[in-house]
Amino acid sequence: MNHKKIKFHTVIIIIVTLLILLITLFPYYYLIIQSFLPWDMVDKSFIPTKVTLDSYTYLLNRGGSSNPFMWIRALLNSFIVAFPTAVVSIAVGLMTGYAATNMQYKGKSAIHSSLLFQMFFPVIILLVPRYMIVKPLANHYSGMILPLIISVWGIFMYINYFKTVPKSVFEAAKIDGASDFKILRKIALPSTKSISIIVFLSVFMTRWNELMWDMLIAPNINVQTLNVMISTQFNQNSNIPGPMYAASILLTMPIIILFLCFSKYFKEGINFMLK
Amino acid sequence: MHKKIKAVPESIPKRSGLSYESRTAWLFNTPYIVYSVVFLFLPLGWAAWLSVTDWNLMSPKYNLVGLKNFTQLFTDDNVQAAFWNSFRYLVPIVLLCFVFGMGIALLTSKLPGKMKGIVATLFFIPYLTSGVATSVMIKYVFSYNSLLNVFLREHYQLNINWLQSGAAFWILIGMIVWKMGGYYALFVLSAIESISADVYEAAVIDGCTGFKKFIKITLPMITPTITSVVVLAAGLSFQIFSEPFLLTGGGPDLSTTTWQLEIYKTSFVSFNAGYGAAMAIVNAVQIFLTIQIITWIMNRVNKKFGW
């Protein structure tokens, strides 16, 4: 970069922005540092003078023989619950979104009204009935996954995207004799790459961070997600905060790293979020 | 699924195949339809039914109580608190999210090209963080033996139970704004970026610069995005659960309680499932009306100042 070209007020703006950014991200710095400090120094130092894995090995050994590796299992449970939800959200979003924008059929407007209704509908009303419906699957992954498996927001992302794609793209394939299934797989899916990545990550993140439903339907320690386990294990004032910081790292970092890896797709996708 | 794909004839008559298209479309919609019947419409009807009963979540017996649940809401302190708190949350959350979102977006938009994307992404990180992680950390920061409280005790003889004081509400607001500010900034930034350079050039030729340029051009051009951000933030303030659930339990004196928390507690802690359903319905009506009013106001603002 040519430094002579940068004006004085740009420098001021850079400094102010970075300062706000530092304050915003300070909790993460603090979290990381504290999770690696020896326990007698946790919360007493802002600089990592000594690094240990004490807090992490503590998590690894917690649970004893009755619940071996409960924290590792909680981390796995979070994946087991969030991953299929994200994949199904993409598949259903793609199908429903394609049908809503590129196909003519009876009942189209009814489906669209239902989608709109659901988009703005407060889910809290459904809490007790959903709990009753899914109760036979309590403490099973299916009971945690099924009620939240479709993302209406995701469907609208695809609808908004397909609206911007000229119909002629799909018409041409149809005239060539391709079935709608084939068009969906061979043309629509590859063209929605950035939308699909955003839907995947956002749904994954939302599901990963869900508290109320997982807490209700899966209180058993063997199927608890990491999010629920942190809320139950560290919700009292403990005198060993180290493991709390380590567990929070396990909870937040996978999502942050995933998003940072794919952040370049967001610039394109953000335009479809607010329509 | 695969079998069905094979059953489709390779070449389809173009126009006469409308009923075929209809069938395929319904097939595409099947997963959504099944889901919404089982997890939306059936529970919705059930919830409406529950709201006129006194069912206790466990027993097979229940009584029809008519509208008693709804009339009882008016005299219930917890419900009153949840109702008014949603507005108490809404105003500072919308205002602060707007201020921080706009501020971060405007600053970021002035950064040199390469930094812009990186900085915007970094501001987005708090949005990804689970409310549980931030809550347990905040709980610890404000606990009796925390660094902060030990310091205040030793140096100022202050002994504050932060999470059961008037400050609790503002701690929660701070957590939510911290989490959402960078997310909303991304929308505003994207809107600012999409204003074409021609518009600005024309403005500069007409002698429009600096603050005036911002007021006359940038702001009117991004009002549709601001409208969306305000509506999103307003909707968000009805969704608060994890933070008061883990930090304050709704206290002190119900000052931080929310609908979500009260409905959860009524249904699953005191087992008044019928009454909880009635609460949820009133909550939904409040959300609907509030969002309608805010959208109406923002549309007026849009018409007056937008392009």
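## Helix 3 and helix 12 of chain A

In helix 3 of chain A, the residues A:Ala74, A:Leu75 and A:Ser78 meet A:Leu226, A:Asn227 and A:Met229 of helix 12 of chain A. By class, this contact between helix 3 and helix 12 of chain A consists of four nonpolar and two polar residues, with no charged residues. The structure described here is a predicted model.

Helix 3 spans residues 70-102 of chain A and helix 12 spans residues 226-233 of chain A, and the two pack at an angle of about 140° with their axes 7 Å apart. Because of that angle, helix 3 of chain A is oblique to helix 12 of chain A.

## The contact between the chains

Between the two chains, 65 residues of chain A are in contact with 76 residues of chain B. Among the elements that give two or more residues to the side of chain A that touches chain B are helix 1 (8-36), helix 3, helix 12 and helix 13 (241-261) of chain A. That side of chain A has, by class, 42 nonpolar, 18 polar and five charged residues.

## The largest nonpolar core

The largest nonpolar core has 145 residues, of which A:Ile230, B:Tyr184 and B:Val188 touch the most other members. Helix 8 of chain B (residues 167-193) supplies the largest share of this core, namely 15 residues.

Leaving aside neighbours within four places in sequence, A:Ile230 is in contact with A:Ala247, A:Ser248 and A:Leu251 of chain A, and with B:Val132, B:Ala133 and B:Val136 of chain B.

## Domains of chain B

Chain B is divided into domain 1 (2-50) and domain 2 (68-305), and the centres of these two domains of chain B, taken over C-alpha atoms, are separated by 38 Å.

Technical notes: Residues numbered from 1 in each chain as written. Chains lettered and ligands numbered in written order. Predicted model: local features only at pLDDT ≥ 70, side-chain atom pairs only at ≥ 80, totals over all residues. Axes fitted to C-alpha atoms, helices over the stretch in contact; angles between N-to-C directions. Helix = DSSP H or I, 4+ residues; strand = E, 2+ residues; numbered from the N terminus. Parallel < 35°, antiparallel > 145°, perpendicular 65-115°, else oblique. Contact = placed C-beta atoms within 7 Å. Nonpolar A, V, L, I, M, F, W, Y, C, P; charged D, E, K, R; others polar. Domains from an automatic or database assignment. Core = buried A, V, L, I, M, F, W, Y, C linked by C-beta atoms within 7 Å. Buried ≥ 20, exposed ≤ 12 C-beta atoms within 10 Å, placed from the backbone.
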